[in-house]
Amino acid sequence: MDAPKKILLNAFNMNCVGHIHHGMWTHPQDRSTEFNSLSYWLDLAKILEKGLFDGLFIADILGVYDVYQQGIALTASESIQLPVNDPLMLVSAMASVTEHLGFGLTANLSYEAPYPFARRFSTLDHLTAGRVGWNIVTGYLDSAARAMGQTQLLGHDRRYDQADEFLDVSYQLWEGSWEEDAVLADRQQRRYADASKIHPVRHHGEFYQVEGYHLSQPSPQRTPLLFQAGSSARGIQFAARHAECTFVNGSTPQAMRAQVDRLRQAAKEAGRLPEDLKIFMGISVIVAPTEREAQEKHQEYLRYASPEAGIAHFSSSTGIDLAAFDLDEPIQSGATRAIESVSKAYSGWTKRQLLEQHALGGRYALIVGDPQQVATALIDWIDQAGIDGFNLTRIVNPQSYIDFIELVVPELQQRGRYKTAYQPGSLRKKLFNSDRLAERHPAAAWRKGGRNYRNNQ
């Protein structure tokens, strides 16, 4: 009989004030307004490593939420992911005060060039000793497209077409440009690297034209650990080919199980194994020593949260101005360039229903209870839905993480469902027992001896 699956855990955060639970920045214990301070991030990294978190998953957007009320008035007053700073800038500092904590970094490829982008992640992978992951996104805000000199976003599926090509170019740079033994570092012979083992990338595609050598020598993981969060049909197809970790949301374990099964089957159809995907669910937790205290804490938090700010965020996710609807008027979603799966899932809801769902400022699944109740609920999600772990949101930051570490982690450890120490090695090594992407992953075809490597020489 297989041992029970141990729960993987990321802290879900963002380099801004208001992330998921909007309005909570006004709580007197919340430190989110200190996000411009390095000490804020160093303290958080040390807290998470103490709690044996696998990673800090940092979301990001380009553009602003300007759909609700057709402007940014509420976005600015409630700091709905505005202002927002670059997540990659935080990593070197946090890595310097931790040894094991991984970093999942969101970066929008729609406005990047593969050549310098690949160097940026290789650099971080070197400096963190292989603890970097990339959350692959293509963006869903027209405001970002306009800011970047475009009239509007590419269509939903075309953005994934572009992403496929971006990944192919990146794989060539990360996996194919430098052979494993290209670096000699031979002082006596004055040969740092063997030029015969460093190969140019020659890519001429629909979206990208690249001819050049990767600027970084092979990093501990070569390709960063790959995250992806799309759940549309095209998003699942993309995840099946590229992703190692996927980020999903669901209202019940049964609904989540169906989504998980689709993802794992798609991976199998793409020539990979179902277990090549680690699937993380977004979750919010309010925990206290007793159930009564947890419920009282929940009621207290509700007084600070902003449901309206939550649906303003949601408006940009769907591309629909929810301010234009009456409270009980069904919301119909048509064709959208925003998040297709979200728009379809909530078609027909009313504004009142959305406000109730966003009572805590966000729409993530919420667990409220004592340590035993929270641990049981988390284990039920894992076992019934077939997921591998959670992206734990911040409600009051960093208190939400401290409460979880002090109260829930020991309970999960006692039940044998959470690690008691870190395994050594890179982020990928900890999750998949290998520093490198598996040979069945499409990136491997660009390695020496691989199909694409041979064809490109």
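This is a predicted model: local features need pLDDT of at least 70, side-chain atom pairs count only at pLDDT 80 or more; totals for chains, interfaces and linings use all residues.

At what angle do α13 and α14 pack, and how far apart are their axes? They pack at an angle of about 60 degrees, and their axes are 9 Å apart, where axes are lines fitted to C-alpha atoms, for helices over the stretch in contact, and angles run from 0 to 180 degrees between N-to-C directions. α13 and α14 are therefore oblique to each other, given that angles under 35 degrees count as roughly parallel, over 145 as roughly antiparallel, 65 to 115 as roughly perpendicular and the rest as oblique. On the α13 side the contact is made by P371, Q372, V374, A375, L378 and I379, and on the α14 side by F404, L407, V408, E411 and L412; contact here means heavy atoms within 4.5 Å.

Residues are numbered from 1 along each chain as its sequence is written, and side-chain values use heavy atoms, with hydrogens and water left out. The helix and strand names refer to DSSP runs numbered from the N terminus, helices being H or I with at least four residues and strands being E with at least two.

Let me stay with α14, which covers residues 399-414, has 16 residues and reaches 23 Å from its first C-alpha to its last. That is close to the 22 Å expected at 1.5 Å a residue, the expected span being 1.5 Å times one less than the number of residues. The helix bends by about 35 degrees at I405, and by bend I mean the angle between axes fitted to the seven residues ending there and the seven starting there.

Which residues of α14 are buried? They are S400, Y401, D403, F404, I405, V408, V409, E411 and L412, with buried meaning under 20% relative accessible area, exposed over 50%, and partly exposed in between, for a 1.4 Å probe and protein chains only. What covers these buried residues includes β1 (8-14), α1 (38-50), β11 (278-287), α9 (291-304), α13 (371-385) and β13 (389-393).

In the loop between β13 and α14 sits P398, which is joined to N397 by a cis peptide bond with omega of about 5 degrees, and just after α14, G416 takes a positive phi of about 75 degrees.

α13 also has a contact with helix α8 (residues 253-269), whose axis comes within 8 Å of that of α13 and crosses at roughly 45 degrees. That makes α8 oblique to α13. The contact is made by P253, Q254, M256, R257 and V260 of α8 together with W381, D383, Q384 and A385 of α13.

Not counting residues up to four places away in sequence, H100 touches E49, D54, R131, Y422, Q423, P424 and K430.

In the loop between α2 (73-77) and α3 we find P83, and the peptide bond from L82 to P83 is cis, with omega near 0 degrees.

Finally, Q69, in the loop between β2 (55-59) and α2, has a phi near 60 degrees, a positive value in a residue other than glycine, and at 43% relative accessibility Q69 counts as partly exposed. A185, which lies in strand β5 (residues 183-186), has a positive phi near 50 degrees and counts as partly exposed at 47% relative accessibility. N36, in the loop between β1 and α1, counts as exposed at 59% relative accessibility.
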